[in-house]
Amino acid sequence: IETYLTEPTEEFKESERQRMEFRKKQLELKGEFVKVLARLTTESKTEEELIGDLKELKSLVIQTGGLPLGIKKEDMYKVIR
């Protein structure tokens, strides 16, 4: 006879909390990337503005250790070109 837990274990609850924190942080990071990408593709007109946006994107990638969930490198290439 199999027995099932009626309540999640503390380990499971902690794991769920950590996952939610990670997702929330990734969404915030994605928002920053999207904001800079939008500015790069729609608002920035001068060479200085474009260079500034690209430097900001580079800084975000370095600061976060990569791209956030939901943003792919290939998509970045398409937008920037």
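Q: Buried means under 20% relative accessible area, exposed over 50%, and partly exposed in between (1.4 Å probe, protein chains only); which class does Arg19 fall into?
A: Quick ground rules: this is a predicted model, where local features need pLDDT of at least 70 and side-chain atom pairs count only at pLDDT 80 or more, while totals for chains, interfaces and linings use all residues. Residues are numbered from 1 along each chain as its sequence is written, and side-chain values use heavy atoms, with hydrogens and water left out. With a relative accessibility of 33%, Arg19 counts as partly exposed.

Q: What pattern does the secondary structure follow along the sequence?
A: Helices (H or I, at least four residues) and strands (E, at least two) are DSSP runs, numbered from the N terminus. The protein chain has three helices and zero strands. Reading along the sequence, you get α-α-α.

Q: What is the radius of gyration of the protein chain?
A: The radius is taken over C-alpha atoms, and the globule rule is 2.2 Å times the number of residues to the power 0.38. For 81 residues that rule gives 12 Å, and the chain is well over it, so it is more spread out than a compact globule. The C-alpha trace spans about 70 × 20 × 20 Å along its principal axes. The radius of gyration itself is 19 Å.

Q: What percentage of the residues of the protein chain count as buried?
A: The accessible surface (Shrake-Rupley, 1.4 Å probe; for residues, only the protein chains shown count as cover) comes to about 6900 Å². Carbon and sulfur atoms hold 57% of that surface. Of the 81 residues, the buried share is 16%.

Q: How many Å apart are the mean positions of the positive and negative charges?
A: Lys and Arg count as positive and Asp and Glu as negative, leaving out His and the chain ends; each charge is placed at NZ of Lys, CZ of Arg, CG of Asp or CD of Glu. The protein chain has 16 positive and 17 negative charges. The separation of their mean positions is 5 Å.

Q: Which residue forms a salt bridge with Arg19?
A: A salt bridge is a side-chain nitrogen of Lys or Arg within 4 Å of a carboxyl oxygen of Asp or Glu, and the structure holds seven of them. In the one with Arg19, the closest N and O atoms are 2.4 Å apart.

Q: Which three residues do salt bridges with shared partners join into one network?
A: Glu14 bridges to Arg17 at 2.4 Å; these two are three residues apart in helix 1 (residues 10–43), which means about one helical turn. Arg17 also meets Glu21 at 2.1 Å, N to O, four residues along helix 1. Relative accessibility is 34% for Glu14, 39% for Arg17 and 48% for Glu21. Shared partners link up Glu14, Arg17 and Glu21.

Q: Which residues does Gln26 contact, leaving aside neighbours within four places in sequence?
A: Gln26 is found in helix 1 and counts as buried at 12% relative accessibility. Contact means heavy atoms within 4.5 Å. Across the protein chain, 57% of contacts between residues at least 6 apart in sequence join residues at least 24 apart. For Gln26, the partners are Pro68 and Leu69.
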